[in-house]
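I opened the model to look up a few points on helix packing, the core, the chain contact and some loop residues. My notes follow in the order I took them.

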Amino acid sequence: MVDVSRQGVEITLTVNGRKHRAQVEPRLLLADFLRRRLGLTGTHLGCEQGVCGSCTVVVNGETVRSCLLFAAQMDGYEVETIEGLSDDPDLLHPVQQAFWDHHGLQCGFCTPGMVLTARAFLEENPEPSTPEIREALAGNICRCTGYMFIVNAVKAAAETMARKVPDGKSS
Amino acid sequence: MKPAQFAYCAPRTLEEAISLLEEHGYDAKLLAGGQSLVPLMNLRLARPTVLVDINRLNELDFVESGVDVIRIGAMTRHHAVATSPEIREASPLLSHAAGHIGYRAIRHRGTMGGSLAHADPASELPCIAVTQGANIRVDGSTGGRTIRADELFLEQLTTALATDEIVTSATFPRIRSDEGWGFREFVRKVGDFAVVMAASVLRVVEGRVTAARLGLGGVEWTPRRVTEAEQVLVGSAVEPNAIEEAARVAAEVVDPISDIHGSADYRRRLVFAMARKALQDAVGRLEVSRG
């Protein structure tokens, strides 16, 4: 018989390399679990209907909307959030550094989703054209920048990543 | 935390999933990729009391190549449909269209079965299933059956599925070497829902069209083929006038919906433009494949 749980679902998952065990109410979204239960407030919630992209996280190596997943589904999964991008607060990931250097943000609300989406994109396409960058970021909405500086930042990040890791692997 | 309260279960086998649906009936809802259901739950437009998560049913995540067809398991993600060499080889139309679904992060989760069962009139997979004449396999408590794609979609977001039935796979015919295909959609922005989409498959023998399929999505409450336009093409030479005439007939016979994204008249004009381009693309691909 399959367990039908109204109360709590036991999950064990890895977030940014750290194992967590938790009891979660079925309707708790992954985004709320990360923000409220683990205090990882870098994951932002904008639209909560899969449109804006600011809640983007990486689950088992793939970018996903954390507002469209329940924490209860994550048993045994590996989650990476914006906080997992760099261990050292003084050493930013090349994509983060490029957003900083090229003014790829104003209010910063969309930035975590932008950065994680851009990183995944650059890992697959290290030398992207401008239209490719724009298409890759089409699912991430920014209301401040007008996108130009974001596109510039992603281009610059591609260049630094190509310089830093000649073997094509991300560090 | 936006959704209303529900009970959660994650069966490991298809049998368990079906028995849960049988037990809970209308109160239960299947959770596949969740890219349409969870937004509806967050908005409380959907309030299932039991959520049956089928993401652990690995038996529904498969691709099986046959001689004339390709069978795709219901839990195959859109990203896999869009990028699998096996699917691309069998139906490049299907994989091309799957690449137009939402954004990359959405395609990582959304599934073949979920998209078909959700039956959004503006989504790509139902349109391709109807255009290509796919067969949809469903399993339920009293056994399994196969539903033709054009008989699956009854109304907007409404299918012929019973409450205890699960879409388990979809079988698409292979696109043959004497066939060309096209897919065009009009979107405000990459990844948005299409206002209108058109898909085509043309078979051409010695310069004449011997079989034609033209499908539309986003136009009426369910995806449809436009047989009147197909008839214009069958038997005619492959030339611009025939394509123009077929697109004109398609725009004439449809009964478009009118909503915030476009009036019925606007959609009718888009049908002409998208159908013409999709048919032109099919001809172009035939010419390219013949060198």
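For the helix entries I take axes as lines fitted to C-alpha atoms over the stretch in contact, with angles from 0 to 180 degrees between N-to-C directions. The model is a predicted one.

Entry: α2 and α5 of chain A.
I looked up how helix α2 (residues 94-101) of chain A sits against helix α5 (residues 148-164) of chain A, and found a packing angle of about 135 degrees with the axes 8 Å apart. Angles of 65 to 115 degrees count as roughly perpendicular and those over 145 as roughly antiparallel, so I put α2(A) down as oblique to α5(A). The crossing of α2(A) past α5(A) is right-handed. On the α2(A) side I listed P94(A), V95(A), A98(A), F99(A) and D101(A); they meet A153(A), A156(A), A157(A), T160(A), M161(A) and K164(A) of α5(A). Sorted by class, this contact holds eight nonpolar, one polar and two charged residues.

Entry: α2 and α3 of chain A.
I then checked α2(A) against helix α3 (residues 111-124) of chain A; here the angle is about 125 degrees and the axes are 9 Å apart. The pair α2(A) and α3(A) is therefore oblique as well. Again I noted a right-handed crossing, α2(A) passing α3(A). V95(A), Q96(A) and F99(A) of α2(A) make the contact with T111(A), V115(A), A118(A), R119(A) and L122(A) of α3(A). I counted these by class as five nonpolar, two polar and one charged.

Entry: α1 of chain A.
Which residues of helix α1 (residues 30-37) of chain A are buried? I found L30(A), A31(A), D32(A), F33(A) and L34(A). Their cover includes β1 (9-15) and β2 (18-24) of chain A. After α1(A) comes G39(A), with a positive phi near 70 degrees.

Entry: nonpolar core.
I looked for the largest nonpolar core and got one of 147 residues, in which A246(B), A250(B), V271(B) and A275(B) have the most contacts. Helix α12 (residues 264-289) of chain B contributes most to this core, with nine residues.

Entry: contact of chains A and B.
I find 27 residues of chain A and 31 residues of chain B in the contact. On the chain A side, strand β4 (residues 62-65) of chain A supplies the largest share, four residues. The chain A side that touches chain B has 12 nonpolar, seven polar and eight charged residues.

Entry: loop residues.
N60(A), not a glycine, has a positive phi of about 45 degrees. I located N60(A) in the loop between β3 (56-59) and β4 of chain A. N60(A) is partly exposed because 13 other C-beta atoms lie within 10 Å.
R44(B) is not a glycine either, and its phi is positive, about 60 degrees. I placed R44(B) in the loop between α2 (37-42) and β3 of chain B. With 10 other C-beta atoms within 10 Å, R44(B) is exposed.
Last, I looked at N55(B), in the loop between β3 (50-53) and β4 (63-65) of chain B. N55(B) has 17 C-beta neighbours inside 10 Å and so counts as partly exposed. N55(B) and G33(B) are 22 residues apart in sequence, while C-alpha to C-alpha they are 7.6 Å apart in space.

Conventions
Residues numbered from 1 in each chain as written. Chains lettered and ligands numbered in written order. Predicted model: local features only at pLDDT ≥ 70, side-chain atom pairs only at ≥ 80, totals over all residues. Helix = DSSP H or I, 4+ residues; strand = E, 2+ residues; numbered from the N terminus. Parallel < 35°, antiparallel > 145°, perpendicular 65-115°, else oblique. Left-handed = near helix turned anticlockwise from the far one by under 90°. Contact = placed C-beta atoms within 7 Å. Nonpolar A, V, L, I, M, F, W, Y, C, P; charged D, E, K, R; others polar. Core = buried A, V, L, I, M, F, W, Y, C linked by C-beta atoms within 7 Å. Buried ≥ 20, exposed ≤ 12 C-beta atoms within 10 Å, placed from the backbone.
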